[in-house]
Amino acid sequence: MATVELRFSALPEHVRTARLVAAAVARRAGVDEAVLDEVRLAVGEACTRAVGLHQNGGISAPVKVLLIEEEKQFSIEVGDEAPHAVAGGGAGGGPGDPDGEADEDEMGLAVISGLVDDVEVSAGEHGGLIKMTWPTTPPPTILV
């Protein structure tokens, strides 16, 4: 199992770099060429979401991206350190959400879910994680 770890300051201009690195590593891992645009878009959406959460929460910690190559799959984990409301904490739009930030967050998660068949979202008081997984195809065997 090979893993590439990327950490970047929570600034929008770094999201493009994360997308490019993710696409390059996905290609090398064997993700189908037809899916690479979806990988780029999903990573961009997840990183943009994490950057926004960090900026809105005044968090100086970097956004963390793990690119994990396994035998038959490729996973990308985008983590933030923003505290998230726990289940039962009420819907968005409350006093801690003056501009409908929860609605934007839900929209970003909906876009990611539309792009990635296998996505897991977890969140708690110490941060959140979006894990996206794609199947890989092994390189062709060349017989001599």
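**Exercise 1. Overall layout**

What share of the contacts in the chain with a separation of 6 or more comes from residues 24 or more positions apart? Then list the elements of the chain in order.

*Solution.* Note at the start that this is a predicted model. Step 1: residues 24 or more positions apart supply 68% of the contacts that have a separation of 6 or more. Step 2: the secondary structure consists of three helices and five strands. Step 3: read from the N terminus, the order is β-α-α-β-β-α-β-β. Step 4: of the 144 residues in the chain, 38% are buried.

**Exercise 2. Confidence**

Find which element has the lowest mean pLDDT and which the highest, and decide where the coordinates should not be read in detail.

*Solution.* Step 1: the average pLDDT of the chain is 87, and 86% of the residues score at least 70. Step 2: among the elements, the lowest mean, 83, belongs to helix α3 (residues 101–115), and the highest, 97, to strand β2 (residues 63–69). Step 3: residues 88–96 have a pLDDT below 50, and this stretch makes two contacts in the model beyond near neighbours in sequence.

**Exercise 3. Helix α1 and its packing**

*Solution.* Step 1: α1 has 15 residues and spans 21 Å from first to last C-alpha, close to the expected 21 Å. Step 3: α1 (residues 15–29) packs with α2 (residues 36–57) at an angle of about 145°, and the axes are 9 Å apart. The crossing is right-handed. By class, the contact residues are ten nonpolar, two polar and three charged. Step 5: G30 follows α1 and has a positive phi, near 105°.

**Exercise 4. Residue A123**

Locate A123 and explain why A123 counts as partly exposed.

*Solution.* Step 1: A123 lies in strand β4 (residues 118–124). Step 2: the relative accessibility of A123 is 46%; buried means under 20% and exposed over 50%, so A123 is partly exposed. Step 3: leaving aside residues up to four places away in sequence, A123 touches H84 and G128. Step 4: D80 is 43 residues from A123 in sequence, yet their C-alpha atoms are 9.1 Å apart in space.

Terms used:
Residues numbered from 1 in each chain as written. Predicted model: local features only at pLDDT ≥ 70, side-chain atom pairs only at ≥ 80, totals over all residues. Heavy atoms only, no water. Axes fitted to C-alpha atoms, helices over the stretch in contact; angles between N-to-C directions. Helix = DSSP H or I, 4+ residues; strand = E, 2+ residues; numbered from the N terminus. Left-handed = near helix turned anticlockwise from the far one by under 90°. Nonpolar A, V, L, I, M, F, W, Y, C, P; charged D, E, K, R; others polar. pLDDT = per-residue confidence, 0-100. Contact = heavy atoms within 4.5 Å. Expected span 1.5 Å × (residues − 1). Buried < 20%, exposed > 50% of the residue type's maximum accessible area, 1.4 Å probe, protein only.
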